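Colleague: Could you show me how to read surface exposure in a model, step by step?

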Amino acid sequence: MERIVHKAKNHKEAELWDIYQQINMKPEERQRAAKKLKEKVFGIKSQDIKEAYKRKK
């Protein structure tokens, strides 16, 4: 994904730019971004939720 800097004049313009960027992302780019966010929030070795509940039963 190419990084672009956009300086908005107000909140509404920033919101519209964010929507524009999301609409124009390719599915592969969207999946990569989601994976990076998941790793940033939960860490690289995050536990699979389905596996966690299987062990508790």
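Colleague: Why does Lys 26 count as exposed?

Modeller: A residue is called buried under 20% relative accessible area, exposed over 50% and partly exposed in between (1.4 Å probe, protein chains only), and Lys 26 counts as exposed because its relative accessibility is 53%. This is a predicted model, in which local features need pLDDT of at least 70, side-chain atom pairs count only at pLDDT 80 or more, and totals for chains, interfaces and linings use all residues. Residues are numbered from 1 along each chain as its sequence is written, and side-chain values use heavy atoms, leaving out hydrogens and water.

Colleague: Where is the place of Lys 26?

Modeller: Helices are DSSP runs of H or I with at least four residues, numbered from the N terminus, and Lys 26 sits in the loop between helix 1 (11-23) and helix 2 (27-42).

Colleague: Is Ile 23 buried or exposed?

Modeller: Ile 23, which lies in helix 1, is exposed, with a relative accessible area of 61%.

Methods: Helix = DSSP H or I, 4+ residues; strand = E, 2+ residues; numbered from the N terminus.
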